[in-house]
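Dear colleague,

I am passing on the structure we spoke of, so that you can look through it before we take it any further. My notes follow below it.

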Amino acid sequence: MSTNIDHIKEEHHHQPSGLMRWITTTNHKDIGSLYLWFSLLMFFIGGFMALIIRAELFQPGLQLVVPGFFNQMTTMHALIMIFGALMPAFVGLANWQLPMMIGAPDMALPRLNNWSFWILPFAFTMLLSTLFFESGGPAAGWTLYPPLSLQGGNSMPFVIFSLHLLGASSILGAINVIATILNMRAPGMTLMKMPIFVWTWLITAFLLIAAMPVLAGAITMLLTDRFYGTSFFTAAGGGDPVLFQHIFWFFGHPEVYILILPAFGIISTIIPAFSRKKLFGYDSMVYATASIALLSFIVWAHHMFTVGMPLAGEIFFMFTTMLIAVPTGVKVFNWVATMWRGSMTFETPMLFSLAFIILFTIGGFSGLMLAITPADFQYHDTYFVVAHFHYVLVPGAIFAVIAAVYYWLPKWTGKMYNETLGKVHFWMTTVFVNITFFPMHFVGLAGMPRRIPDYAVQFTDFNMIASIGAFGFGLSQLLFVYILFQTLRQPVTAADKSWEGAEGLEWTLPSPAPYHSFDTPPKVD
Amino acid sequence: MKSVKSTITKLSLVVVAMYGFSYALVPIYDTFCEITGLNGKTNEVAYTGSDIEKENRFIKIKFISNVANSAPLYFEPAVTEMVVQVGKPYNTHYVMKNNSTKQLHTTASPSVTPGKFAEYFKKIECFCFNQQTIDSGEVKDLGIQFVVDNDLPTNIGDIVLSYTMFDITNKVVEADKL
Amino acid sequence: MNRLSALIIASLASISSFADWEVNMPRGVSPTANAAYDLHMLIFYITVVIGVIVFGVMFYSIFHHRKSKGAKPASFHESTTVEVIWTVIPFVILVGMAVPATKTLIMMEDTRDSEITLKVTGYQWMWKYDYVEDNVSFFSKLDNKSNEARQLGSKIDVKKVDNYLLNVDNEVVLPTDTKVRILLTASDVIHAWWVPEITGKKDAIPGYINELWVDIKKPGVYRGQCTELCGKDHGFMPIVVRAVPKQEYVKWVSLNQKNRVADKSE
């Protein structure tokens, strides 16, 4: 990306060139770029699967695929988007930004960093290859509930092994993030002076370290149940299928926050920059993030209210889940207060951030409705849930990633994207994302279950609208790719401080940022 | 760099501990189920205590049965309903018939609803403590002896006791081969 | 031009002919479903009010505090009072939601005093119903017409199939104004039984037993579906409940009991 600077550095470090440079690189910027490109690729593969799903659901009756393949598509779409698109995107942003934001030359563990990236292509090749097995890929949903997942074909051990690899990669990445943040901050940067993005990533990394091993345990038990005669999850041997759901969601709920906390950090960085005003309530933002993270470990069973828990359990998980609304509310209020009496401009990163606040909050509202156990008995496993989590993950997490890319692109490349095209991209994306996901609330409430390849005719109209929206959303992202390549072809013109209101150490570096961020640590007071 | 190393060590320990924790959840869950009656799990070993006292209180128990995975078994309760005195031991049985042409190995899994009353339903003897071997065409009576604990709260509805019979022939045969 | 507008009108008409544009949860016909509906509307209205206030403030700020209108940034960036207020107020609102929700939940979990017991067993991919006291028992699966139409490349217009995907060969018959206890279990994998207008869903788990209760107040036919992914034909195992007055139910039972006795003697 930053060719001229790289050239100088290459002479310094005798780096291999071409493909070998990328395979052997231990540089945080190179690895960050690898993560981001990989994530973009996975975003399109997962998106392609989503379009197969939406094409089949365009009208009732089966036109394109058989039900078994449809289930493989829903399962793979989720796995690819969560583990392949979103998580690597945030790790990529962390790689690029953390050293620059805390005044470090690189990540604490560069070689480990290389490993944690290069595990990913192997894991996903294996995962995707299962689609070409005779018995097909995984079809029991990304949650892999037994006994259904134990019925799966030959793909199961491969899926589990690739999930183990992905988990290992995330854990290594998280250890690296924590080691970097705790040990490599510039002198004078105390914890409570860290940029908020750094804070959210620190907390996310702890969540990863606590949650991913639990997933590893759960899927290992699945594996031994299937092949080694254990019966953790079968009633015949004294096990219980519901136990898997408990263990899975003990991982699964923190995982959800792993996907959203860094997004909060990004929004909390961009909103002040374009409001030209400091983030309102920095301290309460940090505490809110930490309390959301802690709460995430005691709310898991709200994903499984319908398994028949004792009344006390249902009440406990309903209350704790509702409680999450408090710190999340604090965040939203703080963002609004940051804008209040600011001096706002509306460049593309700001537009995506504003859309994030509104649409994520809508997802938060439906989340609050889902927390109400008696109502959840109606919502559970319908399209209302699908609408809810897509609202928090697409205009939530993905919008944050896109905003971050537009925001930091001039710093990474020294080149400015085309603002007009950026705005077109924003409006297309925002309009289509709502056309896709808003009608899902309606069909869900009207009674359409999720994970079905065909539906009763009264759900037709909203499904058609959602499918049209999905194709529009997909096409809009091609524009994003075009904007990225067009930017890379520009000459280097971006100022060191690319945005008038931007704050933070990364903007004191030249654009594009030098290969090793801070050779001498800056002084923070 | 020493501090980086100590960070890594600590974090690796957390990772290992959390992996262990996922396995620890298995016994934790069982204990939790026993306390709260989650899923209506009943005692898995015979009740041998003697602290249950007879009380002038009666409760209706319904017996139902299931056969898992449509196995070739007839499996039904001999009596579908009993009114029992709290604290007094009772006997009843289920009837199982092997409708297949070969010998089968089976095991039953009990479940009580409402789940919160499972802990008061004490089995002194139960076929569900053991596995069964049943020849082709054979009919077997499978006995239960139980007592309802006098700690059972008052003003509760009927209790339903369900057994699901699993055909585990493949698993048993495979284990024998090893 | 005329032909074009005629085409547009015709296509619009064809959409509206079978479109209900159903955008909300249906109102229920039993106490539990009604309670869920009321809670749903309550929380929905609360979130709408909160949304209008928060987004209202935000949009006011977006329109007035913009650089192009010459707004100069203020310098405040914290206020303990304000932050405490907007932590406490949501908390109070949540307590207000939690009270009716908890009451409803306690009501839903109380299966005492039910008059009849219906055992529902999930199979891949159909349901089995046992009327525990009345000795009636049968399987219920997707009706043939839907089943033919839903095959890939069937060339059958599904819009012409009666209750496409929501029709079964054998309906569950239940009496109205009667508390019915429903026991749920499964033979193979986890399923979930759901008829929105009568009751929320609950999982049917192999080896274990779950329960819920219904008390249908209005005779009619109510349709639902399996709501836990259970394999390839998960989308094709509907539920149809026909609620009839008690006398009619008793008649239905005696008719079907005989059939069962006949089956047994074979």
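Asp381(A) counts as buried, because its relative accessibility of 6% falls under the 20% cut-off. Please bear in mind that this is a predicted model. Asp381(A) sits in the loop between α14 (373–379) and α15 (383–413) of chain A, and although Asp381(A) is not a glycine, its phi is positive, at about 55 degrees. A positive phi in a residue other than glycine also turns up in chain B, where Asn69(B) has a value of about 50 degrees and belongs to the loop between β1 (58–67) and β2 (73–77).

One joins Ser511(A) and Pro512(A), with omega at about -5 degrees, and Pro512(A) is placed in the segment after α17 (460–488) of chain A. Another runs from Gln124(C) to Trp125(C), with omega near 0 degrees, and Trp125(C) is part of the loop between β1 (116–123) and β2 (126–131) of chain C.

As for chain A as a whole, it contains 17 helices and zero strands, and its C-alpha atoms fill a box of roughly 65 × 50 × 45 Å along the principal axes. Its radius of gyration is 23 Å, which agrees with the value near 24 Å that a compact globule of 525 residues would have. Of those 525 residues, 72% are buried, and of the contacts in chain A with a separation of 6 or more, 82% are between residues 24 or more positions apart. The accessible surface of chain A is about 15500 Å², with 71% of that area belonging to carbon and sulfur atoms.

Notes:
Residues numbered from 1 in each chain as written. Chains lettered and ligands numbered in written order. Predicted model: local features only at pLDDT ≥ 70, side-chain atom pairs only at ≥ 80, totals over all residues. Heavy atoms only, no water. Helix = DSSP H or I, 4+ residues; strand = E, 2+ residues; numbered from the N terminus. Rg over C-alpha atoms; globule rule 2.2 N^0.38 Å. Buried < 20%, exposed > 50% of the residue type's maximum accessible area, 1.4 Å probe, protein only. Contact = heavy atoms within 4.5 Å. Areas by Shrake-Rupley, 256 points an atom, 1.4 Å probe, with all protein chains shown as cover.
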